[in-house]
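Please describe this structure for someone new to it.

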Amino acid sequence: MSLNRRNFLASTAALASASMLPRVALAADTIKLGSILDTSGIFDAYGKPMDMAMRLAVDEINAAGGLLGKQVEVTAYDTQSDMALYSQYGQQLTRQDQVDVVHGGILSASREAIRQTMRKTKTPYFYNVLYEGGVCDRNIFINGVTPAQQVEALVPYAMSKSGKKVYILAADYNYGQITARWIQKFVADNGGETVGVDFFPLDVSDFGSTIAKIQSAGPDLVIAPLVGGAHLSFFRQWAAAGMKDRIPLASTTLGVGNEHKVLTPEEGNGIMVAYNYSQELDTPANNAFKEKWAAAYGDSNLIHEIAVSNYQGVLTWAEAVRQAGSLDRDAVIAALETGLSIEGPAGKVTVDPKTHHAVLDVHIMEFANQGMKVIETLPQRQPIDTQAVCDLAANPGDNTQYEIQI
Amino acid sequence: MDLSVVILVEMLYAVASLILISSGLAVVFGMMKVINLAHGEFMMMGGYATITAVNLGINIFLAMLVIAPLVVGLIGLAVERLVIRHLYGRLVDTMLATWGLSLFFIGLATMIFGNTTTGISTPIPGFAIGNYQINGYNFFIIVVAILLLVAMLVILKNTRAGLIARGTMQRSDMAAALGYSPDRIYMATFFCGSALSGLAGAVLAPLVGLVPTSGGAYIAKAFITVIAGGPSLIAGLFSSAGFFGIVNQVFTFAISPVIGEVALLIAAVVLLRLLPQGITGKFFKGKL
């Protein structure tokens, strides 16, 4: 077909009018859960297991008879690791598909791309990822650990195993900057001293000079909130220089994307971390979860921290719908704000009514033979960083992401 | 004292890794004038070839020094036959084509190896210099870079093949008149350039976490080094890698790694303002 102006106009006009036709509202015999995740592209290592976890949770809910006597139906969009697609699919989910709830978003940038759309269209939004903290918005619920929750647990343990002088290596964007500030605070609170802080852009992969610098500063402990594949080189070069047995390492990010399975045991063993979830968590809830996952997908090796967060997020929402007895946004939020809790694979998760963040168990772990061995469980840690700036009970109209000053 | 030795080693290592990263591009872009935007991906494939070979139980040094250059060289050969040979002398078109190739290789690597970080550990243990521990693998990289430069020099200067290749790059019509097929010589040179990129990716693989998009981290540095080096292949490569490596490490040690990277880029801008033809456009003129 040759494309001339006339039939181009005709066809675009036809397309445009078709898309403007009012969507006939489907008979409301299902509940629509919207999901928006990067299941392809550079973040798919995070997004794919999250998508699998969400579907597992929905299948379970449906197998148990659904919610309010209705089945839950998933409407999922793959944002292909492209931030621009978040705003597009966010609009589509809320305005065309008119879903009852949205779960998803991985990077903070993706969350901020859709948060306002969710708020405007009054669609409850669950962001189920560990992140830098500080979001204060009545329409959003966040169940990932924030820096203070992790660092508050990790720093005293790591210092007790090593010593008082700490060197920090962090990724150079808001997550790394904010986390580094929290580490400095808790090091000081525990009577220690920060002897150096270095920030690295995400594409830096050569740490030779840094390793020499660390040695001239002579710390007892190195804490490394480094992010992504390039930064993984640090842990490798650190081991290659023979430093691993001289100065202990701790991290707030290593292992979230199952990095401990990439490092060899010689490179990884002994690195200290603190998260909400570990595959090695030996609880009945986690063992049952891993069995269900294996039954659905064949192999439970892919499960990671934020996949479990996503699973727990769907369960939390479902529990709130049950308690509210309705899908109405305000009723669901009211039910969540009663301080509702669920039992997930990573333990009890409670909604904090003031901040809409989560009170949850933080496990201190050490890498051991490409697994994360649980050393200690600190039950029900409060999101103290966000609590310091956000009070939705007093100020329900708030709609900001605070930079937390320490 | 110990610290100054450590700093010296780190500087040599920075220079050596710049030489490695840029050598393949120096041949493909510096000699053949093909703007190969897929250079980083050739390195990435060298890394994957090494990791795959090591996982199959092959000795790591054999994998890095023989298998990876061969595999990437052969991929380069296919690329040259299918795409590049139609585009010699058309700078902008090669840019577009090789950029497409780079996207294609990233996609291919993602399909085969998945979008996760993989890697192997370094085969050489660290050792102590006084109170400092240092990565023993750095010395391996320095040695490989030196051997590479010497080998390139010997081949280009003292062998007939090197002479023919250089002659063809300068005046392919004359080479053809003397009975050599420029088509074949271009093909062989591109094979060598790709194999060098594969070698670089392979040798650097144990130091990094490899993902299909890893190539992006190298491409800018490689182009800066080759362009700032100027018309002489080996003297240019050595002098600009030396200059940038030292600038980068001085600022890294004095201030921070970020400032080190910034200093490298500023040095490149200033250098090209003062010496638009590159270092060897003014110094070491006429050298190889």
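The report below covers these topics in turn.

## Basis of the model

This is a predicted model, in which local features need pLDDT of at least 70, side-chain atom pairs count only at pLDDT 80 or more, and totals for chains, interfaces and linings use all residues. Residues are numbered from 1 along each chain as its sequence is written, chains are lettered from A and ligands numbered from 1 in the order in which they are written, and side-chain values use heavy atoms, without hydrogens and water.

## The sheet in chain A

Chain A holds an open sheet of five strands. Their order is β2-β1-β3-β4-β6, with parallel pairing. Strands are DSSP runs of E with at least two residues, helices are runs of H or I with at least four, and both are numbered from the N terminus. Two strands pair if DSSP finds at least two bridges between them.

β2 (71-78) and β6 (140-142) of chain A each have a single partner strand, so one side of each lacks a neighbour in the sheet. From one strand to the next, the twist averages 25°. Inside the sheet, β3 (residues 101-104) and β4 (residues 125-127) of chain A are joined by two bridges in the parallel sense. V102(A) has Y125(A) in β4(A) as its bridge partner.

## Helices in chain A

Helix α3 (residues 83-96) of chain A lies across β1 (30-37), β2 and β3 of chain A. It runs at about 175° to β1(A). Angles run from 0 to 180 degrees between N-to-C directions, with axes fitted to C-alpha atoms, for helices over the stretch in contact (heavy atoms within 4.5 Å). Helix α11 (residues 305-324) of chain A lies across β1, β2, β3 and β4 of chain A, at about 165° to β3(A).

In helix α4 (residues 108-120) of chain A, R115(A) and E112(A) are three residues apart, about one helical turn. Their side chains form a salt bridge, 3.0 Å from N to O. The rule asks for a side-chain nitrogen of Lys or Arg within 4 Å of a carboxyl oxygen of Asp or Glu. It gives 22 salt bridges over all chains.

## Where chains A and B meet

The contact takes 34 residues from chain B and 32 residues from chain A. Together the chains bury about 2500 Å², 55% of it on carbon and sulfur atoms. Buried area is the accessible area (1.4 Å probe) lost on being put together, summed over both parts. N115(B), Q133(B) and P257(B) supply 23% of the area that chain B buries against chain A.

Across this interface the rule finds zero salt bridges.

Conventions. Buried area is the accessible area (1.4 Å probe) that two parts lose on being put together, summed over both.
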